[in-house]
Amino acid sequence: MALEDRIVVDHVSYQYEDAADPALNSVSFQVRPGEFVAILGHNGSGKSTLAKLINALYLPTEGRVLVCGMDTADEDRLWDIRQQAGMIFQNPDNQLVATVVEEDVAFGLENMGVEHDEMVRRIHSALETVRMTEYASSSPHMLSGGQKQRVAIAGVLAMEPNCIIADESTAMLDPSGRREVLDTIRQLNRDKNITVLWITHYMEEAALADRVLVVSDGRLVMSGTPREVFRQVDRLRELHLDTPPMAALAHTLRQQGLPISDEILTVEEMAEEVARILCP
Amino acid sequence: MLNNITLGQYYPVDSPVHRLDPRVKILLAIAMIVCVFLVGNLLGYGLILVFVLFAARLAHVPFRVLMKGLKPLRFILILTFLLNLFFTVGEPLWSLGFIHITREGLRQSIHYSLRLIFLVVSTSLLTLTTSPIQLSDGMELLLSPLKIIHFPAHELAMMMSIALRFIPTLLEETDKIMKAQMARGADFESGNLLNRAKAMIPLLVPLFVSAFRRASDLAMAMEARCYHGGENRTRLRVLKLKKGDLYACLLMALLIIAVIVEARLVPGGLIL
């Protein structure tokens with residue numbers, strides 16, 4: 001456990017008050033600065049609980065969570081933690097507070113007590129980053145789902161966080177909205193070196209991450225680069241998870257006896273691999 | 001239908017009155033109400049009418065729109081007028097059978113009706129020229145001194161603004177649920193009142209369930225963005241008093257003085 005890790009989850013368990021089984025059971029992992037980590041899991045696997053633990057919305061029943069070196073159990077640092085680890089939720093409608101886009105972006109800043117001029121500057125730059133400047137004075141209910149999520153991202157971005165945790169933020173969007181949101185987050189990860197924890201049940205999204213963690217029944221069951229995780233097609237199926245289509249195809253072809261590499265994730269890679277086998 | 005809902009009465013144009021500080025406008029509306037109660041005769045109402053018309057003109061609010069606020073009150077107005085007309089004792093003017101109209105009755109019925117009309121019209125001027133969000137801002141700031149006696153000024157304004165934010169969302173949802181229930185054969189339009197009220201149950205139950213879910217989601221999202229009540233909070237929308245606010249206050253002061261002086265100089269109540 002290195003000190004410079006952005007997020008440290010150390011043997012964390014979490015039990016809801018009225019639940020028989022713990023939602024999370026001794027989960028441990030670390031996230032390095034600038035890393036893009038995807039957390040995969042089916043419904044009820046505990047992945048949303050995990051997100052809320054990192055933002056100190058929940059406190060672990062056992063173990064501890066460190067965000068930028070701050071323990072989430074430390075009440076004095078609560079607001080610092082929430083500023084450092086911004087969170088984007090699933091339902092685009094239920095996380096916008098204000099009646100006007102720019103005021104919504106201001107919400108976090110107002111809560112932090114940022115000065116007015118600084119606030120205006122940060123709102124402007126955040127809206128520009130997510131390419132929503134022209135909607136600054138629109139009302140949220142006039143926007144599409146993808147646009148609403150981008151406003152939510154701007155609201156978090158304006159608080160200048162080190163990490164962004166997205167809890168199934170694309171689950172309620174149409175394909176083009178999903179692309180918009182994912183592209184925006186990847187751009188922040190790349191250009192601003194913001195650490196991203198991307199919680200999803202879409203395999204294609206997880207395939208773009210630096211590292212994939214798979215959660216099932218409250219336990220961390222798999223971990224590694226997308227290629228390392230997705231090559232274990234049988235294991236994923238046991239966990240009732242899909243595999244990216246090309247990884248599944250490669251797996252089937254391999255079972256049929258074709259010498260295809262088990263590191264294939266995209267259509268292009270598959271095409272090259274097939275070409276290599278057919279005309280060596 | 002859902003894309004362009006204007007909330008409340010707000011009449012969205014740009015005018016010197018719209019640009020006034022909401023705090024000033026709220027205080028002016030209160031002053032106006034006091035003013036209406038100070039009036040003792042028709043000439044006084046004339047002064048107020050001139051002021052209201054001038055303000056409406058300055059606000060680019062058409063007369064028709066201004067009068068729309070009176071529509072829901074028409075029965076109360078008629079009732080006030082008739083009750084005062086028939087049931088005030090005094091010097092008889094005209095009588096038919098058991099109906100007597102007295103001089104005092106006529107005077108009072110006109111007086112009370114005009115008072116009611118001007119109360120509604122002058123407060124309408126406030127709501128027509130101030131958006132709901134500005135109103136809640138103004139209220140919050142005006143009430144904030146009461147925070148020392150633990151009056152939840154910030155919380156009230158926050159609730160108001162969240163309600164405003166979610167009205168379109170919930171309307172949209174109502175529409176969606178209604179269509180879904182209609183697709184399953186629900187009938188919202190026919191039958192008597194009781195049947196129609198019953199038909200609303202499959203609409204209201206899912207709507208309430210989802211409203212509670214939204215509320216819980218939103219509370220979490222607000223907490224995640226460091227919301228911790230009104231303490232040490234800064235604001236994006238800063239209200240600053242401008243010259244126009246000063247002029248508006250001066251005008252109002254002038255009206256109050258004129259009404260008081262007029263009531264002193266022209267004794268004897270209504271000129272009839």
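**Surface patches, salt bridges and cysteines in a predicted model**

B:Ile78, B:Leu79, B:Phe81, B:Leu82, B:Leu83, B:Phe86 and B:Phe87 make up a nonpolar patch on the surface, with about 680 Å² of accessible area together. Patches consist of residues with over 30% relative accessible area and no salt bridge, where like charges are joined within 9 Å and nonpolar side chains (Val, Leu, Ile, Met, Phe, Trp, Tyr) within 5 Å. Areas come from the Shrake-Rupley method with a 1.4 Å probe, and for residues only the protein chains shown count as cover.

This is a predicted model: local features need pLDDT of at least 70, side-chain atom pairs count only at pLDDT 80 or more, and totals for chains, interfaces and linings use all residues. Residues are numbered from 1 along each chain as its sequence is written, chains are lettered from A and ligands numbered from 1 in the order in which they are written, and side-chain values use heavy atoms, with hydrogens and water left out.

**Patches**

- B:Phe81 lies in helix 4 of chain B; helices (H or I, at least four residues) and strands (E, at least two) are DSSP runs, numbered from the N terminus.
- A patch of positive charge on the surface gathers B:Arg64, B:Lys68, B:Lys71 and B:Arg74; Lys and Arg count as positive and Asp and Glu as negative, while His and the chain ends are not counted.
- B:Lys71 sits in the loop between helix 3 (63-68) and helix 4 (74-86) of chain B, and is exposed at 54% relative accessible area (buried means under 20%, exposed over 50%, partly exposed in between, with a 1.4 Å probe and protein chains only).

**Salt bridges**

- Over all chains there are 32 salt bridges, each a side-chain nitrogen of Lys or Arg within 4 Å of a carboxyl oxygen of Asp or Glu.
- A:Arg82 and B:Glu223 meet in one of 3.5 Å, N to O; A:Arg82 lies in helix 2 of chain A and B:Glu223 in helix 9 of chain B, so the pair joins two chains.
- A:Arg82 is buried, at 2%, whereas B:Glu223 is partly exposed, at 35%.
- A:Glu205 pairs with A:Arg178, their closest N and O atoms being 3.4 Å apart.
- A network of salt bridges links A:Glu103, B:Asp137, B:Glu140, B:Arg235 and B:Arg237.

**Cysteines**

- The structure holds 0 disulfides over all chains, a disulfide being a pair of cysteine sulfur atoms within 2.5 Å.
- The sulfur of B:Cys35 is 13 Å from the closest cysteine sulfur, in B:Cys249, too far for a bond.
- B:Cys35 is buried, with a relative accessible area of 0%, while A:Cys279 is exposed, at 57%.

Notes: The place of a charge is taken as NZ of Lys, CZ of Arg, CG of Asp or CD of Glu.
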